[in-house]
2 protein chains.
Amino acid sequence: MDKKQYTTGIPMEQVQIEDAFWGRILETVRTRLISYQWEALNDRVEGAEPSYCLRNFRVAAGKEPGTFAGCVFQDSDVAKWIEAAAYTLIAHPDSALEATVDEAVDQIVSAQQPDGYLDTYYIIHGLTQRWTNLRDNHELYCAGHMLEAAIAYYRATGKRRLLDAMLRYVDLIDSTFGAEEGKRHGYPGHEIIEMALMKLYELTGEEKHRRLAKYFIDQRGQAPLYFAQEVSDKPFHWKNTSYEYQYYQAGRPVREQKEAQGHAVRAVYLYSGMADVARSTEDEGLWEALEGLWNNMTKRRMYITGAIGSSHVGEAFTYDYDLPNDTVYGETCASVGLVFLAKRMLSIEPKGAYGDVMERALYNGVISGMNLAGDRFFYVNPLEVLPEASRKDEGKRHVKPSRQKWFHCACCPPNLARLLSSLGDYIYGVRERTLFVHLYMGSRVEADLQGQNVRLQVQTRYPWEEEIRIQVETCEEGDWTLALRIPGWCRQYGLTCGEDPVAGVERDGYLYVTRSWKPGDEILLKLRMPVEKIEANPRVREDIGKTAIMRGPLVYCLEEADNGKDLHRIRLAEQEEWEVCYEPDLLCGVVTISAMGEVQNQTDWEEDTLYRPFARERYEPKRLKWIPYYAWANRAEGEMLVWIRNLA
Amino acid sequence: MDKKQYTTGIPMEQVQIEDAFWGRILETVRTRLISYQWEALNDRVEGAEPSYCLRNFRVAAGKEPGTFAGCVFQDSDVAKWIEAAAYTLIAHPDSALEATVDEAVDQIVSAQQPDGYLDTYYIIHGLTQRWTNLRDNHELYCAGHMLEAAIAYYRATGKRRLLDAMLRYVDLIDSTFGAEEGKRHGYPGHEIIEMALMKLYELTGEEKHRRLAKYFIDQRGQAPLYFAQEVSDKPFHWKNTSYEYQYYQAGRPVREQKEAQGHAVRAVYLYSGMADVARSTEDEGLWEALEGLWNNMTKRRMYITGAIGSSHVGEAFTYDYDLPNDTVYGETCASVGLVFLAKRMLSIEPKGAYGDVMERALYNGVISGMNLAGDRFFYVNPLEVLPEASRKDEGKRHVKPSRQKWFHCACCPPNLARLLSSLGDYIYGVRERTLFVHLYMGSRVEADLQGQNVRLQVQTRYPWEEEIRIQVETCEEGDWTLALRIPGWCRQYGLTCGEDPVAGVERDGYLYVTRSWKPGDEILLKLRMPVEKIEANPRVREDIGKTAIMRGPLVYCLEEADNGKDLHRIRLAEQEEWEVCYEPDLLCGVVTISAMGEVQNQTDWEEDTLYRPFARERYEPKRLKWIPYYAWANRAEGEMLVWIRNLA
């Protein structure tokens, strides 16, 4: 695997985000979402489903009477919250928040058992049953999340209380699972501990941590199938589905898996762990399997918004080119996981295609999961919504026309929080004397390029405007390379220094500019950002004869608030003249797109005529207005549509 | 209600079907389906799910050890089979079949309890629980079906054994349910007993039978809600759905119901019972409610094939104009029930619209439920099928690309059998001195028009050909009226006698021809039957910009066998020249339709490109071939499509 060009992400500690677009969102996460979630975790949000999450820890610690409540994986909610809070503390020290986290950590650690075990479901229900249903009961999943939380909080504050507790728990897990005789040859039903263990390995350098991660990945799907043995005396919940064990990505060894299958969140979490192990152990075979899965997923099973998971049954992938817009699942967590994975793919090979997917998901399917105020959430991210359908068709009940206050299974809001609050980790990377810019956002970054210390400032109004100004603040003498991702959506770009074009070499979606940079050097990258009509591969049945509108990385949609009801009656006109307008007072400031379209005339139809001989369809002109997809459902409940019929 | 023009159906005893189209189907039902079902009911069909139906009766009678197996309403399967067998015996006496029915009746009657009770589920599980879960456990539903069977078998053979047993059971039900104090104020969770009791009333003339039917209808949905009281101590299976009690059409009194809601089969069975009671008791209010429900259902919630029930969740209606083609339910039983209802609507008011719906369902969504050989069945009747979706998308698992051998819940095949084998009951009606022809099929009919005995012969190749020849075989002197339904799909027709046009008065979809007919009079009705492109109301989102092809009463579809894969890439061309061809060797003989269309060119798309900037869509000409919808899925498994994109 020596031909791979590993890059290393620049951690958020060295990145300061000062961005108009993301700044607002990150402030919302920090000031609203984190505190709102703390209230939710403590069952104090009126009208929202109670979480029971922290209460479970108190019950498990014997501090409060009661029994376990909530989902079997309820522990993970507070883990994700701690992780998110920790990241915000890195950029924004906040002693009150830190004290709150300490309080949560106290409650968690108090529940830990003498042997290190820490899962409230089994502590409360009886430890004799622990490890007996890895497939469904999420013990290793909760452990993985808590481990990520512990590492993040240690990273933010240097406090070891949760980390030490988790090290003890990991030792217990390590002594329980593995290839050795006497150990259980199992693996998690819901992946995540693989990447958490790799993070731990990065921190501790202890081989046992990496070995355990690799074991969970390599053991997965090996015959005889652990899950089949485990549940041979239990009712098999998923027995009659077409997924069978591929719902858990466990139908065959991961190296033999060719298609993204089963539960989408589990899939991208597994793939992320595979990427970590492949990179760390230079495992070419694992990387090849991963590339195949990535290609299948992103080139045949991904929505234009970066949503994944086409069916609500199993929250799962289905088959190539099956991308229904109105019955889609597209769980927020799955797009979050896709960003995790894309970052890891980039760290193995800096290809623009990975950055493109990361950007597509971030600007669309991820942030669509949260309202502008940071206190309402989507679990499912549809591309076509009719509120009446969600209310009256039980088969579309999972598609909500409005974001919800909280969820019985509240995985998505804290997952959003932990990704967004660590966004600084995703922007830059380094390899030797090359500094990679994966995402464009206003920020300052400090990088060490083989001893060469470099500080850059990036200023931009991206994604609203085309210009990205990059200034070298400090650097020492000597050549080094700036590698700028040229987004896949961008068909024309220019790089200039003052009036002069700047030469670079474009390779795999990055423009490599090598020079002897000096402090004060300023270059201007201009990514032409016209309104683009996008078509889907004709194999996508649901998008045939339809067009989606994009501008830059943003997918646009029509909403009822701007375009009235019956969006399905709209089609695009022959010639569009796009009007692009930044509206500062709309939806916290968005660029809207307008154009003349057409709407099918309904006036000659009686309400009570259902079928009739075809008469040429009659259309009349209609002004259409698009808003960015991520900002939909922030006004009155109504219809929404991404893919619009062509004139043909 | 004296303004209503009641008609009376002419029973199949006076009708002899001699029809090329239906003759083949009825022979298949008689010679294949009936015997195949008997094998299935006795668990002797290899590879099909066992029925346990007759075994349950033997167990209940103490003749065989074992417990109850199958669905809670398994008894109804044999009831439907007896009913179907009985109807075939009317036209085709068959001592072997009659002996088999007698054997079934013996097994059934042996299980009857001393007080008349007869439901194997509760006899086997314990009578103390009977009548405690009317909502879910189908006792009154099974009773209704068995009552229909008893009446049909008595009608066919004069044998009273099952009828007498059911009269005792009805007496028990009558003493158990009713408005009187001490009786249960309940009604069935799944309707049918209402129309069965009305059939019984027609036979016995006993007021108590009609009163009980009327009670079940009027009591339904009255506060306090019986089902709510009944299940207050049970888990409420449907609690979290949007239907609530309207799943059972019990959310409010039936006279206050405005929309077809809930389980589609239950709905049309209820409405059929309402029609029977409204007609028999001249209940104008009940008729008005029924008309509203009919209009809502057939003018806003019915597929072009006569399928009803848009969602598989609850096998239910959803909301106006929601008619998805690929996730549709469209249960065969629901279209069968729609025919039951249409016949009853016609008996109250002879309007062509009722006959149109009856014809639409019969020629499309009903007979699509069975293969040409009569031994494979659809439960769900989709209008768009991709076999891969059915296999790999759990949300479309209910849509089968091939007909099945049998079902765990095998309501549909015997329902088809009982409707088709009594088809003779649906063709003609009389009112005073008018003879109505509701459906066109080759047949002889004998009618009594206020003492005037009339015999007609109808000869036709309908629905393949346009001409219907009607000859008066015998009649006495004097004026009488022939009322010919002019189908809603027919835009031009002619009625001639030799070279001369025949004058008639068209009213409400019927052409009334009054003359002094003489034996040997022959008229020729010609219903112009061009290929028609049909569009749906633009409120139907799933059909916007699409066209369905019909010819006469038949809906047509594209199948992969004739048109290759990826049917969604096809669209209609600007100008079609239709080629209409009767192919005697195809699918037991069908008229096919061919025309030039277009197919989107996929050659410039890489498999691994999912989205790209829009380039004008490229199409190439393609010869398209349509077959009648009812005949699809009789060749190799493949795609199927009814609604095709327009050129626009």
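Trainee: What makes Gln5(B) a residue that Arg431(B) touches?

Mentor: Contact means heavy atoms within 4.5 Å, and, with residues up to four places away in sequence not counted, Arg431(B) touches Gln5(B), Tyr6(B), Thr7(B), Phe436(B) and Tyr512(B). This is a predicted model, in which local features need pLDDT of at least 70, side-chain atom pairs count only at pLDDT 80 or more, and totals for chains, interfaces and linings use all residues. Residues are numbered from 1 along each chain as its sequence is written, chains are lettered from A and ligands numbered from 1 in the order in which they are written, and side-chain values use heavy atoms, with hydrogens and water left out.

Trainee: Why is Arg431(B) called buried?

Mentor: Because its relative accessible area is 15%, and buried means under 20% (exposed is over 50%, partly exposed in between, with a 1.4 Å probe and protein chains only), Arg431(B) is classed as buried.

Trainee: How do you know that Glu532(A) and Arg491(A) form a salt bridge?

Mentor: Their side chains meet at 2.7 Å, N to O, and the term requires a side-chain nitrogen of Lys or Arg within 4 Å of a carboxyl oxygen of Asp or Glu, so the pair qualifies. The count between domain 2 of chain A and domain 3 of chain A is one salt bridge.

Trainee: What is the buried area between domain 2 of chain A and domain 3 of chain A?

Mentor: It is about 760 Å², 58% of it on carbon and sulfur atoms, where buried area is the accessible area (1.4 Å probe) that two parts lose on being put together, summed over both. In domain 2 of chain A, Pro463(A), Trp464(A) and Trp489(A) lose the most area to domain 3 of chain A, together 75% of what that side buries.
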